[in-house]
Amino acid sequence: IPIAIDDARHYMRTCKKKYDIIFFDTFRAETPPAYVITLESLKDMRKNLNPGGAVMVNFYGFYSGSLGSGAGWMYKTFMGAEYATKILMTNLKNEKLSNLVFIASDKELDFSKTNYAEPGMPELNNLNNNFLDTSRMELADAGILTDDRPLLEYLAIEPSIEWRNAYNDFFTKNFLKEDVGLFK
């Protein structure tokens, strides 16, 4: 897989290639860079996608309450850029231990014939069961992120602290329970 090391937005602006998937897992510590997920950036990105291609963005697992406001703004921004958007949840039971993966395309994508298996994990044959029902999101106060209003870093402060604490708690307890030599 060819890998480019560059600022994400600069690369997308100057790149002449087209991709089937553009994946952003762009965090500085636990903060997503606000200028990458704006209406203008997402619209510009279309020139880099093949027809039916997808932009995927990893984000915190919160979608409800005040912690979920960043996800609401991101969802509205994708919709404002006219992408068919689904949100994959990595943990269906616990927002604190989940990531949300936004999957956005120029058309609805079919995930009903997923075929994924990994040792020690349940096999996935229909990814549709793992998407967030976006009607459960609180979108009334959410707006659209723009270059003039890049609020994502601000909206991510509280969820990033909560997410990091939950992950540290979960993994520390499991390391101790499994007698990982890290703590002895």
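Tutor: The model is predicted, so local features need pLDDT of at least 70 and side-chain atom pairs count only at pLDDT 80 or more, whereas totals for chains, interfaces and linings use all residues. Residues are numbered from 1 along each chain as its sequence is written, and side-chain values use heavy atoms, without hydrogens and water.

Student: How many aromatic pairs are there?

Tutor: Rings of Phe, Tyr and Trp (its six-membered ring) pair if their centres lie within 6.5 Å. By this rule, the number of aromatic pairs is six.

Student: Which kind of pair do F78 and Y83 form?

Tutor: Planes under 30 degrees apart count as stacked, over 60 as edge-to-face and the rest as tilted. The ring centres of F78 and Y83 are 6.0 Å apart and the planes meet at 80°, so the pair is edge-to-face.

Student: Which charged residue lies over the face of Y83?

Tutor: A charge sits over a ring if NZ of Lys or CZ of Arg is within 6 Å of the ring centre and within 35 degrees of the ring normal. At 4.2 Å from the ring centre of Y83, the residue over the face is R46.

Student: Is E82 buried or exposed?

Tutor: E82 has a positive phi of about 65° although it is not a glycine. Most residues other than glycine have a negative phi. Buried means under 20% relative accessible area, exposed over 50%, and partly exposed in between (1.4 Å probe, protein chains only). With a relative accessible area of 63%, E82 is exposed.
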